[in-house]
There are 2 protein chains.
Amino acid sequence: MILYGKQVAEKLSEEIIDEVKTLKDKGIEPKLAIVRVGRNEGDLSYERGAVKRAERLGIKVEVFELEEGIKTEDLIECIEKINNDNLIHGLLLFRPLPKHIDENRVKNYINANKDVDCINPINVAKIMEGDKTGFAPCTPAAVLEILKHYSIDLRGKNVVVVGRSMVVGKPLSMLLLSEDATVTICHSKTQNLKEITKKADILIVAIGCAKYINKEYVSDSTVVIDVGINVDNVGNLCGDVDFEDVKDLVSDITPVPGGVGAVTNTVLFKNLIKACKFQME
Amino acid sequence: MILYGKQVAEKLSEEIIDEVKTLKDKGIEPKLAIVRVGRNEGDLSYERGAVKRAERLGIKVEVFELEEGIKTEDLIECIEKINNDNLIHGLLLFRPLPKHIDENRVKNYINANKDVDCINPINVAKIMEGDKTGFAPCTPAAVLEILKHYSIDLRGKNVVVVGRSMVVGKPLSMLLLSEDATVTICHSKTQNLKEITKKADILIVAIGCAKYINKEYVSDSTVVIDVGINVDNVGNLCGDVDFEDVKDLVSDITPVPGGVGAVTNTVLFKNLIKACKFQME
């Protein structure tokens with residue numbers, strides 16, 4: 001079975017549209033601030049998708065485009081302005097930031113209640129603690145939404161996560177633990193990777209390496225979730241999994257494009273609704 | 001081989017004594033504040049061990065004993081006093097706190113540079129990020145010190161952690177990842193636990209359940225690290241591992257008592273020295 005992201009995003013969008021209506025009835029106009037430093041193509045592409053999705057959901061977006069050369073102090077000033085603006089409920093800051101900016105300092109300034117992509121250490125710590133009063137980062141949260149949508153149970157299951165980044169692998173592993181999965185975290189130094197992934201009930205790949213996982217890494221009962229977004233050698237978008245090589249051999253698989261990536265920005269707005277509610281309290 | 005903690009603590013203590021001398025030559029008298037709310041027996045026992053260890057190391061300790069019924073505000077006031085005291089370099093707060101205290105609020109008030117047991121979310125997030133500028137919590141750090149002392153390599157090894165607490169399992173897993181281990185985190189909902197633990201190169205158990213792990217869970221190549229401290233049914237201290245049942249079958253094992261627990265408070269003072277250095281910067 002192909003686990004398409006579109007259906008998941010549609011279902012979530014319906015729920016969000018209802019929530020937006022309820023909020024508007026109470027006089028609240030949900031609004032997201034996107035803070036972008038410079039004009040990175042990946043950031044711009046994500047931004048376009050988010051703006052488009054927001055329109056459909058009835059959510060306002062304000063983009064704060066800052067110069068590539070901006071000083072740490074001035075970026076912090078922009079963040080504090082957003083923190084203090086009662087009409088803005090969430091803040092998405094594109095990272096990595098240019099190298100001259102002290103990202104570790106900046107992170108602490110994002111109001112934890114507006115931190116819809118889990119940048120502030122307060123929210124990172126909450127992910128580790130399994131404390132659901134924080135915000136889960138959007139990509140790991142999208143993976144969980146897909147599994148939930150397709151009724152793929154996690155409790156007690158052997159879930160193998162390949163990749164240990166702070167954007168996906170590590171926070172995702174913590175979220176999976178909160179769902180009672182047994183979690184194995186693999187990475188570039190893992191020995192016998194194939195042996196480990198073959199035994200996974202659910203295999204989640206986030207290594208940023210085009211078509212790395214082929215049929216040698218899976219079994220016929222594996223559910224494969226492909227978080228990678230790469231360009232292959234003929235210029236097409238592809239995942240970390242060689243979709244054509246494994247799709248007929250595994251139990252279920254997400255496509256790329258059209259899998260996890262299709263859900264991520266919807267999760268962003270689900271987090272924004274949560275942020276609106278925090279700010280009503 | 002029995003992996004005794006005492007030798008590890010001795011070696012670390014020698015290093016710390018040297019560091020203390022160097023600091024004192026620069027006019028710095030390393031000092032730890034212990035904040036204890038109420039008179040929990042476990043806290044008192046840990047405190048006695050720490051005070052004794054500190055004496056040997058030439059480190060000062062000041063205990064702030066607060067009433068069981070103290071208000072959150074008053075506890076925070078005590079913490080802020082310690083934060084602002086330049087003659088105190090580290091703060092250990094015993095947890096769990098009494099239920100009427102808002103622990104989640106309190107955590108944020110501990111100065112991250114004095115947070116020698118990794119309570120502030122800033123340091124928790126650093127553990128997850130593999131950022132070594134923070135403080136690792138003492139028990140997980142003690143496990144790593146033991147493995148390092150006995151030259152047990154972690155890189156690429158299959159390490160199974162049983163237990164997913166915020167005190168041991170989760171932060172330890174993140175520290176192990178930073179050492180390039182492949183990490184599997186198991187817990188009470190894990191299916192086929194024996195199959196998983198038998199395949200571990202290194203098995204670390206932190207579940208708080210007396211003698212739970214017996215010979216059915218290990219193989220002859222397993223290195224067993226027992227983090228548990230329990231009392232068995234005849235009143236003796238014992239670990240989460242049935243030491244007598246497995247000791248002749250495995251490659252290496254830590255005893256209880258005399259294993260991980262014998263290293264923990266020395267790691268606390270290693271962290272204190274790190275804190276002194278932060279405050280010199």
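Two residues are taken to be in contact if their C-beta atoms, placed from the backbone, lie within 7 Å. In chain A of this predicted model, 69% of the contacts between residues at least 6 apart in sequence join residues at least 24 apart. Residues are numbered from 1 along each chain as its sequence is written, and chains are lettered from A in the order in which they are written. Local features need pLDDT of at least 70 and side-chain atom pairs count only at pLDDT 80 or more, whereas totals for chains, interfaces and linings use all residues.

Chain A has 10 helices and 10 strands, defined as DSSP runs of H or I (at least four residues) and of E (at least two), numbered from the N terminus. The radius of gyration of chain A, 19 Å, is close to the 19 Å given by the globule rule for 281 residues, so the chain is as compact as a globular protein of that length; the radius is taken over C-alpha atoms, and the rule is 2.2 Å times the number of residues to the power 0.38. The C-alpha trace spans about 50 × 45 × 40 Å along its principal axes.

The contact between the chains takes 22 residues from chain A and 22 residues from chain B. On the side of chain A that touches chain B, helix 5 (121–129), helix 7 (169–178) and strand 5 (182–186) give two or more residues each. Helix 5 of chain A gives the most, with six residues.

Strand 5 of chain A and strand 5 (residues 182–186) of chain B run antiparallel and are joined by three bridges; pairing requires at least two bridges found by DSSP. In this arrangement, A:Thr184 stands opposite B:Thr184.
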